Amino acid sequence: MLSILLAVSNVILGWQWHGHADLCSKRSYRAGSLSGASRAQGVSHATIFRRLGDIEQRLGVTLFERSRTGYQPTLAGEELADTARIMDEAALAAERKVAGRDLEPSGEIWATTTDSLLMGLLAPLFTQFRRKYPSIVLDVAISNELFNLTRREADVAIRPSNRPPENLIGRPLTTIGQAVYGHRSFGLTPGASVETLVSQPWIGAGPRLKDSALDQWMDKNELKAACVYRVDTLVSILSAIRSGMGLAVLPCYLADEDPDVIELTNPIPELEYGLWFLMHPDLRGVVRIHALMDFLTEAVRAQKQRLAGPLLR
């Protein structure tokens, strides 16, 4: 009892004290003498006596009745002891709450990705992530431009890249395969060589898509002259294929889900690219960011074969 009162009174007097859990143990609670209280708090007998006198003088009340058998709390002492227990319980609850934040990440994550990745891969994964971490809010910006993570336009980016920016850190998730696709109404046989498809109408990537590897591949295979339509998002290219506009190169994960869109070639090695989870170095210690990165790493890599694209028999 005496130790608890001294602990609370130390707070009232502005003294620093530690180890509230030990102070409120049964052994400390039952310390009915100055020597017992001094052992419980790890200070000298004289320090306990001086602090008790200071406390009672500051409060203007007698907290303990002294007798040969020890110290017994007055009514005021009992009330102050109750306050000490409440303070201890609040301190323990605060510790649990802070520790629990590491176990249950919370807050908001600003993420950026492309329309094709959201549509063909990430949307269901984000739903699963939210079910696992209901205290995290995802704010997703869709763009083919890499947002400036240094200026906090986004916290993280899930982007296709073979050369991620050097000022960012992150993790490679998997490899994305791409192949030539067309509508089944064209009546073309899967497995044909690219050379036999030159006579077909083609859909090209608009300049704002900024896919230099695809542009070079189209040029090398003399397909630019066959382009009858260009558009600057992969989802729009898929829409054009569905309408029968022509043939085009698409990521396998995006096109393979449509029963009317046929894979005409095997995945093209020079057009495969990496999928990255990127963030600014300053965010490397943020728990919710790592929760998303670890979740996506496992979920995306579980679909490694689908994302790389199927080989035609």
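**View 1. The second largest pocket of this predicted model holds about 170 Å³ of space.** Its lining can be followed through Gly-204, Ala-205, Gly-206, Pro-207, Lys-210, Asp-211, Leu-214, Asp-215, Met-218, Lys-224, Cys-227 and Arg-230. Strand 8 (202-205), helix 8 and strand 9 (227-231) each bring at least two residues to the lining, and helix 8 gives the most, with 3 residues.

**View 2. Here we turn to the largest pocket, with a volume of about 690 Å³.** A total of 26 residues line this pocket, and those nearest its centre are Pro-160, Ser-161, Leu-209, Lys-210 and Asp-211. Two or more lining residues come from each of helix 7 (115-132), strand 5 (156-160), helix 8 (212-220) and strand 12 (273-279). The lining is made up of 11 nonpolar, 7 polar and 8 charged residues.

**View 3. Welcome to the largest nonpolar core, a set of 46 residues.** Val-156, Ile-158, Ile-237, Leu-250, Phe-277, Leu-292 and Leu-296 touch the most other members. Helix 11 (residues 287-301) contributes the most to this core, with 8 residues. Apart from this core lies another, of 16 residues, including Leu-214, Leu-223, Ala-226 and Leu-247.

**View 4. A closer look at Phe-277 shows its neighbours from elsewhere in the sequence.** Leaving aside residues up to four places away in sequence, Phe-277 touches Val-156, Ala-157, Ile-158, Ile-169, Gly-170, Arg-171, Leu-173, Ile-289, Leu-292, Met-293 and Leu-296.

How values were computed. Residues are numbered from 1 along each chain as its sequence is written. This is a predicted model: local features need pLDDT of at least 70, side-chain atom pairs count only at pLDDT 80 or more; totals for chains, interfaces and linings use all residues. Side-chain values use heavy atoms; hydrogens and water are left out. A nonpolar core is a set of buried Ala, Val, Leu, Ile, Met, Phe, Trp, Tyr and Cys residues joined through side-chain atoms within 4.5 Å. Buried means under 20% relative accessible area, exposed over 50%, partly exposed in between (1.4 Å probe, protein chains only). Helices (H or I, at least four residues) and strands (E, at least two) are DSSP runs, numbered from the N terminus. Contact means heavy atoms within 4.5 Å. On a 1 Å grid over the protein atoms alone, a cavity is a set of points where a 1.4 Å probe fits but cannot get out, and a pocket is an open set with protein on both sides within 12 Å along at least five of seven lines; lining residues have an atom within 4 Å of a point. Grid points are joined across faces, edges and corners, and a volume is the space filled by probe spheres set on the points. Ala, Val, Leu, Ile, Met, Phe, Trp, Tyr, Cys and Pro count as nonpolar, Asp, Glu, Lys and Arg as charged, and the others, Gly among them, as polar.
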